[in-house]
Amino acid sequence: MLNDGWWLGDHYDRWQPSGCMAHDYNAQQISSCLNHSRVLYVGDSIMREQFTSMGSFLPGAEEVGESMHDDRQFLSSKYGMTVELWWDPYINETRTAKMLSNTDPDNRPSLLVIGSGPWYMKNLHPDEYFDAWKARIDAVFDAVESPAATVADAVLLSPVEVPQFNLLNKERGDTITLDKIERMNDYLQSRVETLNPQVPFAVPFAWNAIGASTINMTLDGLHFLPGVTKVQAQLALNFRCNEGLPKHFPFDTTCCNSYPAETWYQIAILLFFMIWLPIGFFVLSADMPFLRRFYPSSLSIVTSLFVFGLGVTYMYLGDRTHLFSKEFKFFDRFTFGWLMLATVVAGVVSLRKYDKVDSDQGFLNRAQTDEWKGWMQIIILVYHFTGASGTPGIYNAMRVLVAAYLFQTGYGHFFFFYKKADFGFERVMNVMVRLNLLTLVLEYLMDTNYLSYYFTPLVTFWFGVIWLTMFVGHSHNKSHVWFILLKIAVAGAVTGVFIHVPGVLETTFDILRVLINVHWDPIEWRFRLALDAWIVYVGMIFALGTIKFSEHKWHEKQTWYGPVKKAAVVGSVIGLGWYFYFELSMPTKAAYTAWHPYMSWIPIVAFIILRNATLGLRNTTSGFYEFIGKCSLETFIGQFHMWLAADTKGLLVLLPNPAWAQGLGWWCNLALSSALFVFVCYYLSKTTGEITKWIITSAQQQQQDQQMKDEHRVPLLPITNNSASSTTVEEEWDQVEQRQQQEKPSWWRKAASDLRVKATIFLLTLAVLNHFC
């Protein structure tokens, strides 16, 4: 953080420390960190500029002292803070020397920032300036290296500033030269390399990079404007305070800050995936009947669990250790535009058409919905990666994409329940496990909050609403359309009360807090639910209309179907155009979100109509988008910790040197991290499906599957021509039966494999576990 970095944006919007993410401290945080103490600046006018910026962080602080070459103070009674400047350009006054030899811990500053150099260069002979400056600098080094060092809680020694020489006046330009500055800073560097400080100490050479890499941020070449000095002051606070920040989710500050020690449950999860499962490969391949009972009977399931574990362990290493660097997001329209263009190109070049002549893949067919999920997911990923959430026009459109996912949730599950009428516990658990497996593992492994992965809770909640709506009176679902519509209306009213009526959500979360010790934010969750409070019901109604359309074969009634179809296409084009005009005209995100729940269906329905307007469009899909769509759940959740970083607040840097992650290096890191991200998500999706099937499948079914595999292993002829070692078919069957008898699960294992028992044990375990986490 203190050695290198670069500016993000052409207008010096944010300083990016090399390899980490800094924190922006406010007055309350400064006061809390410094224990209502004081910050002391000692030095010349360069220190004075930083002192002024530090004082500006305390709103309402009283400034004492107005002379430029005199002591000054900022006094804040509200925050109990004092920011002082001792005017001592040679850092050789008696009080400075006394302060450096201070042995009174009750009278030391919480943060000491000291610096000198320009006055030595300007006012002393070229043969004398360095030795005189070095003597005073050595006094600072001696003070922090002393075994009884109590000079300050933390000390920063400013490097000699590199000015913008073309703006210096003649006197300064003749005396403050680059060779002198380099000689002095080289000495600082050499001393730092061999120093053994007894208090937190650093020379922040990055301060020079902050100023030197700017244009028009100084009037005289020597004193930089607040846009520079405030960043320098914030880095000083990061050095002093970051380690004391709360060590809990979200971990959005990584500079000068260590992650908390692993909890017992994090260690248990890592040991399970990285130690216990690898041992399982050996156990299943060897004759160890006792140990085999502690592992799944199928080697493929152990493999799936292990591969799944590798994926989540990679996320843990990426976002809960300093193995990889992190950097800030920064929105740039050029970058966002190029990534959008690349997304379109990738989709177009992978277009493919269904081959069979005169065959219709159908309205909203599986390939099309996978494609739809895919391109939406890519856009959402780009939106998150580039930090585009601060741009209302883009944010508003992203809200429609999330709504479209929920529309598909309503459409797809309604279609299944209406057509299949399968409301069984196995179906429900299959969906629930598939949706939540990765999120639940990450919640404990990353020590986060379930609701922070907001998409999973959203689709889980709405799946439950859809199931309950369709289950109630399900024997009459196909009898009367009005009955279905009535149930949807009632469900909408109930969820509307749950979401919007004050106190209902709060009471629910209070009950959950007592029962299972979860601390969820009702305000945040109400916002998430209310944004898309009605789109799921639109999806259900649309599915009902699609089913009735097909049942009555309305598409065969050419006398009126043709004109209606054309009108729908024209109306869709107008609807899409109007929507984008409307959302782009909204002045703020808040202004748009007030309208979003009631109008998000317009662009979604318009897109569906246009996408299915012709046979060729229905039969043509993009392979690239389909591929991403099939693992869209994993990419949505996985991005939190292995493409993004700092719990979505930053970006993960995989380049070995974090300083490379700028300019062209930023694009190289994007390519590397994206390839690994998609690779991991693909296998997470694949293994999650296999694990879900294993969890849902009963013990009896697993035994039957294993028996079928064993039967296929029995050869019809002897396996060798050597009569001394040949084995008959009967002997093979005896071995199979013996192995099946050895591996036959006990009664308690059969009970534990029953799906209802599994679910009950799991929920009770979570409830108990949460009280110890």
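These legends describe close-up views of one predicted model.

The model is predicted, so local features need pLDDT of at least 70 and side-chain atom pairs count only at pLDDT 80 or more, while totals for chains, interfaces and linings use all residues. Residues are numbered from 1 along each chain as its sequence is written, and side-chain values use heavy atoms, with hydrogens and water left out.

**View 1. The whole protein chain, for orientation.**
The chain holds 33 helices and 14 strands. Helices (H or I, at least four residues) and strands (E, at least two) are DSSP runs, numbered from the N terminus. Along its principal axes the C-alpha trace spans about 100 × 80 × 50 Å. Of the 773 residues, 51% count as buried. Buried means under 20% relative accessible area, exposed means over 50%, and partly exposed lies in between (1.4 Å probe, protein chains only). Ala61 sits in the loop between α2 (45-56) and β4 (62-64). Its relative accessible area is 19%, so Ala61 is buried.

A pocket is an open set of points on a 1 Å grid over the protein atoms alone, with protein on both sides within 12 Å along at least five of seven lines; a cavity is a set where a 1.4 Å probe fits but cannot get out; lining residues have an atom within 4 Å of a point. Grid points are joined across faces, edges and corners, and a volume is the space filled by probe spheres set on the points. The lining has 32 residues, and the closest to the pocket centre are Arg366, Asp370, Lys373, Gln408 and His413. Elements that give two or more residues include α14 (366-385), α16 (425-445) and α29 (664-696). Helix α15 gives the most, with 9 residues. By type, the lining has 13 nonpolar, 11 polar and 8 charged residues. Here Ala, Val, Leu, Ile, Met, Phe, Trp, Tyr, Cys and Pro count as nonpolar, Asp, Glu, Lys and Arg as charged, and the others, Gly among them, as polar.

Asp370 and Arg366 meet through their side chains in a salt bridge (3.5 Å, N to O). A salt bridge is a side-chain nitrogen of Lys or Arg within 4 Å of a carboxyl oxygen of Asp or Glu. Both residues lie in α14, 4 residues apart, about one turn of the helix. Asp370 is buried, at 3% relative accessible area. Arg366 is exposed, at 63%. Another bridge joins the side chains of Arg611 and Glu371 (3.0 Å, N to O). This pair links distant parts of the chain, with Arg611 in α25 (residues 601-611) and Glu371 in α14, 240 residues apart. Arg611 is buried at 11% relative accessibility. Glu371 is buried at 7%.

**View 2. A bridge between helices α5 and α7.**
The whole structure contains 26 salt bridges. In one of them, the side chains of Asp138 and Arg191 meet at 2.8 Å, N to O. Asp138 lies in α5 (residues 129-145) and Arg191 in α7 (residues 178-194), so the pair ties together parts 53 residues apart in sequence. Both Asp138 and Arg191 are buried.

**View 3. The largest cavity.**
The structure holds 3 cavities of 30 Å³ or more. The largest has a volume of about 50 Å³. Its lining includes Asp44, Met47, Ser116, Pro159 and Glu161. The lining residues divide into 5 nonpolar, 3 polar and 2 charged.

**View 4. A nonpolar surface patch.**
The patch covers about 810 Å², and its residues include Ile267, Phe272, Trp276 and Phe294. Patches are made of residues with over 30% relative accessible area and no salt bridge; like charges are joined within 9 Å, nonpolar side chains (Val, Leu, Ile, Met, Phe, Trp, Tyr) within 5 Å. Accessible areas come from the Shrake-Rupley method with a 1.4 Å probe; for residues, only the protein chains shown count as cover. Helix α10 supplies the largest share, 6 residues. Phe272 lies in α10. At 33% relative accessibility, Phe272 is partly exposed.

Most residues other than glycine have a negative phi, and most peptide bonds are trans. The bond from Phe249 to Pro250 is cis, with omega near -5 degrees. Cys256 has a positive phi, near 50 degrees. Cys256 lies in the loop between α9 and α10. Asp647 also has a positive phi, about 55 degrees. Asp647 lies in the loop between β13 (644-645) and β14 (650-653), and is buried at 4% relative accessibility.
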